[in-house]
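Subject: Structure handover

Hi,

Here is the structure we talked about. Please load it before reading on; my notes follow below.

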Amino acid sequence: MGWNPVKSLIRQIHRNRQMRKAKDFRNALVKGYFRSRNAASGAEFAEELRRTGARHFCFSIAYNTPWVIDALTKAWLTYSSGMTLVVIDNSSKPAARQAIEAICRRRGIAYFGLPRNPEWNPNRSHGISMNWVFHNIVRPLRPDLFGFLDHDCFPVVALDIATRMAGTDAYGTKYPAKRGHEGWYFWAGLCFFRFSVVEDLELDFTPRFDTGLDTGGGNWPMLRDRLDDSNIVNAEKTTISLKLGGIEADHRMLDNSFFHVGGASYRGLISTRHYRQLMCDHVWETYLGGVAERLVNDL
């Protein structure tokens, strides 16, 4: 690989202590500002969820991809039991929000639209969205179990997360910090918790790139003293190699239960219309019984 001047410049900026402090200060301001926005609406939505009588909740952060939510909601209704799916919309495009809300309404899935997100970095945008959900919905809701699932991470076999977590406090895919750093983090796309274990913590799902931790890394200082391998169910990841339309690509299967497309909102092959169509068709034909119940055909 050749020298990348942009990445080299970013690395130099991160090594500058004063610049790092300035960026951290800026990120903290944005994080606090966003968390405080429309907090009352989160409490009202939590009350709506409470009235359903459900005690286990899975929150999925949507971002500009109605076709992904179409597949996720169908997969959830097909395979998942014991946990209520809630779609949290972080989309920046009004048309995407309208389409995603319509999909959820058609399938009877709870939907909530977040305030406009000021973050441009996708990892931080995802992280502060998760923070908003935890502090403004989960805390007033006080469920027994709650967690987060990437919008392009679909259950593909019969699944009961509550049973999977029986006798433990957390369930997810753990990643170690990058080489040279200490710690681990739950991948933000699959992490579930017993609320009573974390209710007193100021959970922070934003990344800590300077310490080698991606989205979810802000929780490390708190979770390292609260969770260990004895009370965590680790969802192992395996590679799935696909050849779609002559295009070869690797994707992930988690815990032999979730097929993860990866980067569905913004990067990689999936950012091309052609591969999106191939992947969408593959998911529906392989896991969802064919395309007859597909609601989104314009990708």
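Which residues in α4 meet which residues in α5? On the α4 side they are P66, I69, D70, T73, K74 and L77. Their partners in α5 are A96, A99, I100, I103, C104 and R107. Bear in mind that this is a predicted model.

Now the geometry of that helix pair. Helix α4 covers residues 66-79 and helix α5 covers residues 94-107. Their axes come within 9 Å and cross at roughly 15°. Angles under 35 degrees count as roughly parallel, so α4 is roughly parallel to α5. The crossing of α4 past α5 is right-handed.

Next, the aromatics. The whole structure holds 16 aromatic pairs. One of them joins F259 and Y287. Their ring centres are 5.7 Å apart, with 35° between the planes, and the pair is tilted. It links distant parts of the chain, 28 residues apart. F259 belongs to strand β11 (residues 258-260), and Y287 to helix α10 (residues 273-287). F259 is buried, at 0% relative accessible area. Y287 also counts as buried, at 16% relative accessibility.

Ring pairs link F57, F59, F134, F146, F148, W184, F186, F193, F195, F205 and W220. W184 from this cluster also has K174 over its face, 4.4 Å from the ring centre.

One further lysine to check is K237. Its charged end sits over the ring of Y175, 4.4 Å from the centre.

Best wishes

Methods: Residues numbered from 1 in each chain as written. Predicted model: local features only at pLDDT ≥ 70, side-chain atom pairs only at ≥ 80, totals over all residues. Heavy atoms only, no water. Phe/Tyr/Trp six-rings, centres within 6.5 Å; stacked < 30°, edge-to-face > 60°. Helix = DSSP H or I, 4+ residues; strand = E, 2+ residues; numbered from the N terminus. Buried < 20%, exposed > 50% of the residue type's maximum accessible area, 1.4 Å probe, protein only. Lys NZ or Arg CZ within 6 Å of the ring centre and 35° of its normal. Axes fitted to C-alpha atoms, helices over the stretch in contact; angles between N-to-C directions. Parallel < 35°, antiparallel > 145°, perpendicular 65-115°, else oblique. Left-handed = near helix turned anticlockwise from the far one by under 90°. Contact = heavy atoms within 4.5 Å.
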